[in-house]
Amino acid sequence: MRQTKLFTKTLKEHPKDEVSKNAQLLIRAGFIDKTMSGVYNFLPLGLRVLNKINNIIREEMDEAGGQEVFLSTLQNKETWEKSGRWSDGVVDNWFKTKLKNNTELGLAFTHEEAITNIMKNYITSYKNLPFYAYQIQTKFRNETRAKSGLIRGREFLMKDMYSFSKNKEEHDVFYEKMKDVYMKVFGRLGMGDKTYLTISSGGSFSKYSYEFQTLSEAGEDIIYIDEEKNIAINKEDFNNEMLADFDLKFDKNNLVEKKSVEVGDIYSLGYKYSEAFGLKFANEDGKNELVYMGSFGMSPSRLMGTLVELNNDERGIIWPKEVTPFDLHLISLRPDKNEKETIWIYQKLKELGMDVLLDDRLKISAGQKFAESDLMGISTQVILSPKTLENSSVEVKDRRTGETNILPINKLSDLIN
């Protein structure tokens, strides 16, 4: 894509109404636009990154046996009354609205009730189980505070998977598998070394569950890490009756306290929703049994915000290669003088299968082009100057390390990695 055609605009200063680094940098670099606190629009650059995160998640969910669905955001009151979660006294972050005939509706903050209700029409026999459905869909939560940019939004993207099993034993096998699947996602995003499987409260579903916490000063949680055993426990749960359950796993004298961002959670739901909705199946003997359920959450937009918090310097964002908006930022310092060579190299890189952003802007200084490129954080910069082109070569710069190399034009295929 030519930068002269790209729908974006960079800012010289951080937006004054943002306190989180991820929102400051993403707005400055032209990836997102703020509608209001906790609500953001994704512009072309931002959507490219978000889609790459989505695709990594989608690939791993599919590989784990999931089937993708897309459920409605508008939810009727009656469905949620069956589980007791319509009441504001039980769930205090609902966004609710009404139809013109005064029928109450809610904007879904999760979809356990909705998917269970649907499954009544599709799960009747043990032959239908196990089954795993997931979606990547917008959620709405009426957060009291939303000052962490994409890390805590009132409108955000969520990947939620729901598992349906014949019994607890079958569920437990999948639950353990998903621990590894989630860590694989975080590894592919370049944050696996900073992410810990963390013991936490299971809420109303079970005594405890597991969440995934990524170390970051921007985090709203505090975890205690046993670095030798590579496990952690949420500080909120450390002093309750769970510290008794896990005393053998944690050495209290070997724990390190760190701030972190919750980037995923996995729950054993048991029979809570299948009982509320009458979701049963006929076993091999023809007797009806309740379906055993689980849920597995992960927010792509929160992951995007977390990645920015982890990958930046004084010049701007530094995207990991897996999610960089373009493979290369081709920066032509004199597109007027070197138009022929610039276009030839641009086309050649595209023929090699690379996704390229070409800075073909005129009357923009080299310093400004470099500053904006660093702010955007595309992982690799390829710089075309009259001097290098005279020698049939280009300058290649790694955004993360700052390392530069001179590459002959006839070796452009070396940029593929």
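Student: Which side chain makes a polar contact with the side chain of K139?

Tutor: This is a predicted model, and in it the side chains of K139 and D160 form a polar contact of 3.1 Å. The side chain of Q137 is also joined to that of K139, by a polar contact of 3.2 Å.

Student: Where is K139, and is K139 buried or exposed?

Tutor: K139 lies in strand β7, which covers residues 131-140. Buried means under 20% relative accessible area. K139 has a value of 1%, so K139 is buried. Setting aside neighbours within four places in sequence, K139 is in contact with residues including F109, H111, R154, F156 and D160.

Student: How many residues of helix α4 are buried?

Tutor: Helix α4 spans residues 112-119, and six of its eight residues are buried. They are E112, E113, A114, I115, T116 and M119.

Student: Which residues are buried in α11?

Tutor: The general idea for a helix is that there are 3.6 residues a turn, so residues three or four places apart point the same way. In α11, the buried residues are K369, E372, S373, D374, L375 and M376. After α11 comes G377, with a positive phi near 80°.

Student: Which residues other than glycine have a positive phi?

Tutor: Two cases can be named here. N230 has a phi near 60°, and so does K363. N230 sits in the loop between β11 and β12, while K363 sits in the loop between β20 and α11.

Student: Are these residues buried, partly exposed or exposed?

Tutor: Exposed means over 50% relative accessible area, and partly exposed lies between that and the buried cut-off. N230 has a relative accessibility of 49% and therefore counts as partly exposed. K363 has 89%, so K363 counts as exposed.

Student: How do I read the way two helices meet, such as α1 and α9?

Tutor: Look at the angle between their axes. The axes of α1 (residues 21-28) and α9 (residues 300-310) come within 8 Å and cross at roughly 95°. Angles of 65 to 115 degrees count as roughly perpendicular, so α1 and α9 are roughly perpendicular to each other.

Student: Which residues of α1 and α9 meet?

Tutor: From α1, K21, N22, L25 and L26 take part, and they meet M304, G305, V308 and E309 of α9. By type, the residues of this contact are four nonpolar, two polar and two charged.

Student: What should I know about the largest nonpolar core?

Tutor: In soluble globular proteins, nonpolar side chains tend to be buried together. Here the largest nonpolar core has 57 residues, and F31 and W319 have the most contacts inside it. Not counting residues up to four places away in sequence, F31 touches several residues, among them L26, F42, L45, V49, I317, W319 and M376. L26 is also one of the α1 residues that meet α9.

Student: Which residues does the second core include?

Tutor: The second core is separate and has 17 residues, including I345, L349, M354 and I409.

How values were computed
Residues numbered from 1 in each chain as written. Predicted model: local features only at pLDDT ≥ 70, side-chain atom pairs only at ≥ 80, totals over all residues. Heavy atoms only, no water. Axes fitted to C-alpha atoms, helices over the stretch in contact; angles between N-to-C directions. Helix = DSSP H or I, 4+ residues; strand = E, 2+ residues; numbered from the N terminus. Parallel < 35°, antiparallel > 145°, perpendicular 65-115°, else oblique. Contact = heavy atoms within 4.5 Å. Nonpolar A, V, L, I, M, F, W, Y, C, P; charged D, E, K, R; others polar. Buried < 20%, exposed > 50% of the residue type's maximum accessible area, 1.4 Å probe, protein only. Polar contact = N/O pair within 3.5 Å; in protein donor to acceptor, adjacent residues only side chain to side chain. Core = buried A, V, L, I, M, F, W, Y, C linked by side-chain atoms within 4.5 Å.
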